[in-house]
Amino acid sequence: MSTKEPRLISLEQARRLALYATGLHEANQPTSVLETITNLGVLQIDSVNVFERAHYMPLFSRLGPYDKTELDKLHGGKHPKLIEYWAHEASFIRTEHYPFFGFRQEYNQRGSRTSYEKWASDNREFLDWILNEIRTRGPLAQGDFEHERAVRKGSWWGWSDVKRALEYMFMYGEVVSGGRDAFKRTYALPEQVLPKSVLERKLDPVWARKHLLEKASKALGVATSKDLADYFRQVHARVKPLFDELVAERKLRVVKVEGWSEPAYVHYKLDIDKVLTLATASERTTLLSPFDPLVWFRERNERLWNFHYRIEIYTPEPKRIFGYYTLPLLHNGRIVGRIDLKNDRQSKTLLVQSAWHEEGIAAKELPAIARDLAAHLREVAVWQNCESIEVKQKGNLSAALAKAVKTSKA
């Protein structure tokens, strides 16, 4: 291995590489839903709908006001372009990438969730009954099973035994997602959904893990080994030895980032000098999903963006600081604030419950931030079929934003 000292990258340069790689820089902006997901490798799914479900939002942040049915049409049915699996959390991935996660199914079956596996083993006859129902009737949602054990219980998050069995078999690949209907996942046998090329593809587990680390590197731009392991929820200790191999194979290169205590990695094909000579870090102003790959890993947020971020959904209201479902605000290459949004669908009003700028943002910057955010919220409102925007007076950015929203009215 070369003894050459790793290239030193400033924090601002690291941010620029991250924005470029993840499709949030104008010079590397995707043009379709499928291209976006292909580039990111994964699109996390979440059910919270106070503003918009999380899987629609990273697409909007990169594409602008796209047609959400473009995503809906890509999953479900026979041979879909996208399929759901536990790739990060519950996520959409390209269907042809499903075999990359075979090691996860195999690893789990060897005992990483022993209590779950023991329950499944003790109830194998019941699981086989469920499989036969799907085989006979086609893909089914949880509520489609008529059985005395379909009744919800107090344990396992209130899951019924039917739900528990389905989730077990989904995790381990005995069933796959058949799509979602009104956000309810349907379950299918693999042969009812997957093409033969995917069904028959078996991958070496080490190769698959390394390939996923590569994909994570392409999506993140510059990242530590922990960042890359987290991207597809790999156990860091298990994959850490693979990084030297990836460097030796000229898949990744080692760099040093200003202020980071750990080495960082850049994909070998990323032209660092080309990205760093772009005219600006980014001129984009957009809200981000809490589950956008740019911000979903807390350690990376604080290291890369100096941004301490927590979702306060599960925080009792009196203890919330910023709001129920705050969205990070990306503005000109920095994360400068967070906005708590709600779509009041009945009144067709986009409610800004609170608006905050981060510490360290100079007062002279606020008018421009508020102006650009107001323009962005107009786009958001159109996308969400809202006819008006209401800014509540909560948060240190709210006054400037309310003024900018009023000024921006046609």
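**Close-up 1. H17 passes H18 in a right-handed crossing.** Welcome to the first view of this predicted model. Helix H17 covers residues 366-383 and helix H18 covers residues 398-408; the two pack with their axes 8 Å apart, at an angle of about 55 degrees. That angle makes H17 oblique to H18. On the H17 side, look for Ala-370, Arg-371, Leu-373, Ala-374, Leu-377 and Arg-378, which meet Ala-400, Leu-401, Ala-404, Val-405 and Ser-408 of H18. Sorted by class, this contact of H17 with H18 has eight nonpolar residues, two charged and one polar. As a reminder for reading the helices, an α-helix has 3.6 residues a turn, so residues three or four places apart point the same way.

**Close-up 2. Five strands make an open sheet with mixed pairing.** Their order is S11-S12-S13-S14-S15. At the edges stand strand S11 (285-287) and strand S15 (388-391); each has a single partner strand, so one side of each is left without a neighbour in the sheet. From one strand to the next, the twist averages 30 degrees. Within the sheet, strand S12 (residues 326-331) pairs with strand S13 (residues 334-344) over six bridges, in the antiparallel sense. A handy landmark here is Leu-327, which stands opposite Ile-339 in S13. Helix H18 turns up again in this view: H18 packs on the sheet, where it touches strand S14 (349-357) and S15, and the direction of H18 makes about 155 degrees with that of S15.

**Close-up 3. Strand S9 pairs with both S1 and S10.** Strand S1 (residues 7-9) and strand S9 (residues 252-257) run parallel and are joined by three bridges. With strand S10 (residues 264-267), S9 pairs in the antiparallel sense over four bridges. Here Val-254 stands opposite Tyr-265 in S10. S9 and S10 form a hairpin, with six residues between them. Do look into the turn for Gly-259, which has a positive phi of about 90 degrees.

**Close-up 4. Helix H1 is largely enclosed by the rest of the structure.** What makes H1 (residues 11-21) enclosed is burial: eight of its 11 residues are buried. These buried residues are Ala-14, Arg-15, Arg-16, Leu-17, Ala-18, Leu-19, Tyr-20 and Ala-21. Two arginines, Arg-15 and Arg-16, are among them. Following H1 comes Gly-23, with a positive phi near 80 degrees.

Definitions and conventions:
Residues numbered from 1 in each chain as written. Predicted model: local features only at pLDDT ≥ 70, side-chain atom pairs only at ≥ 80, totals over all residues. Heavy atoms only, no water. Buried < 20%, exposed > 50% of the residue type's maximum accessible area, 1.4 Å probe, protein only. Axes fitted to C-alpha atoms, helices over the stretch in contact; angles between N-to-C directions. Parallel < 35°, antiparallel > 145°, perpendicular 65-115°, else oblique. Left-handed = near helix turned anticlockwise from the far one by under 90°. Contact = heavy atoms within 4.5 Å. Nonpolar A, V, L, I, M, F, W, Y, C, P; charged D, E, K, R; others polar. Pairing = 2+ DSSP bridges.
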